[in-house]
Amino acid sequence: MKKEVVIIILIVSVIAFCIIYFIGIYNKLLHAFNKVKDKFTTIDNLIKNKIDTLPKLIEIIKKYNPEEEIINDAIKVRNTYFNINHINDKIIILDNLNIVIDKLTSLTESYLELKKDNDFIGIQIDLENIDNNISYAKSFYNDTVKNYNNLRDKFLFNIIASIFKLDKFNFMK
């Protein structure tokens, strides 16, 4: 065989190996990326359930004081959550949602009748159950995020991730 043919075959083999290697890295990254999204879907559904309790909670509070400014904040947070698509942004809104719900439920200190309202008590129990489920799901989510972010930080993986805009994910508190 001629030297030129051997060199061409060698070059084509190296290029093919590199392409296959980069495809493997991309597939591994994409698999980890999709696992994070899958774990967040569980949390997202729980958050939507939590958000769905807001209108009921607001209606009960309006019976006792329709002027509360926090009601507007609750509506704003609820609407914002449904207009966001990126997981990291949703995590930030979840923190805001928790603050708003804490403020809403703390109104029982100002309105003793509210504390005794059976519907209000039922919603508090529902919110507590949802929060427990979110806490449980967060541990799996955070573990998956750690694995993805660690993989993404490796050399070559970080280059491929940057090219395909596979961003890091934030942990949940």
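Helices (DSSP runs of H or I, at least four residues) are numbered here from the N terminus, and Gly122 lies in one of them, helix α5. The structure is a predicted model, in which local features need pLDDT of at least 70 and side-chain atom pairs count only at pLDDT 80 or more, whereas totals for chains, interfaces and linings use all residues. Residues are numbered from 1 along each chain as its sequence is written, and side-chain values use heavy atoms, with hydrogens and water left out.

Helix α2 (residues 69-82) and helix α3 (residues 87-105) have axes that come within 10 Å and cross at roughly 155°, where axes are lines fitted to C-alpha atoms over the stretch in contact and angles between N-to-C directions run from 0 to 180 degrees. This angle makes α2 roughly antiparallel to α3, a term used for angles over 145 degrees. The crossing of α2 with α3 is left-handed, that is, the near helix is turned anticlockwise from the far one by less than a right angle. Contact means heavy atoms within 4.5 Å, and by this criterion Ile70, Asp73, Ala74, Val77, Thr80 and Tyr81 of α2 meet Lys90, Ile93, Asn96, Leu97, Val100, Lys103 and Leu104 of α3. Of the residues in this contact, eight are nonpolar, two polar and three charged, with Ala, Val, Leu, Ile, Met, Phe, Trp, Tyr, Cys and Pro counted as nonpolar, Asp, Glu, Lys and Arg as charged, and the others as polar.

In soluble globular proteins, nonpolar side chains tend to be buried together. A nonpolar core is a set of buried Ala, Val, Leu, Ile, Met, Phe, Trp, Tyr and Cys residues joined through side-chain atoms within 4.5 Å, and buried means under 20% relative accessible area, exposed over 50% and partly exposed in between, with a 1.4 Å probe and protein chains only. The largest such core has 48 residues, and those with the most contacts inside it are Leu29, Phe40, Ile47, Leu104 and Tyr141. Two or more residues each are given to this core by α1 (3-64), α2, α3, α5 (118-153) and α6 (157-163), and its largest share, 15 residues, comes from α1. Leu104 touches Leu54, Leu57, Ile61, Ile70, Ala74 and Phe120, when residues up to four places away in sequence are not counted.

Gly122 is partly exposed, with a relative accessible area of 25%, and although Gly122 and Leu57 are 65 residues apart in sequence, their C-alpha atoms are 9.9 Å apart in space. Leu156, in the loop between α5 and α6, has a positive phi near 75°.

Conventions:
Angles under 35 degrees count as roughly parallel, over 145 as roughly antiparallel, 65 to 115 as roughly perpendicular and the rest as oblique.
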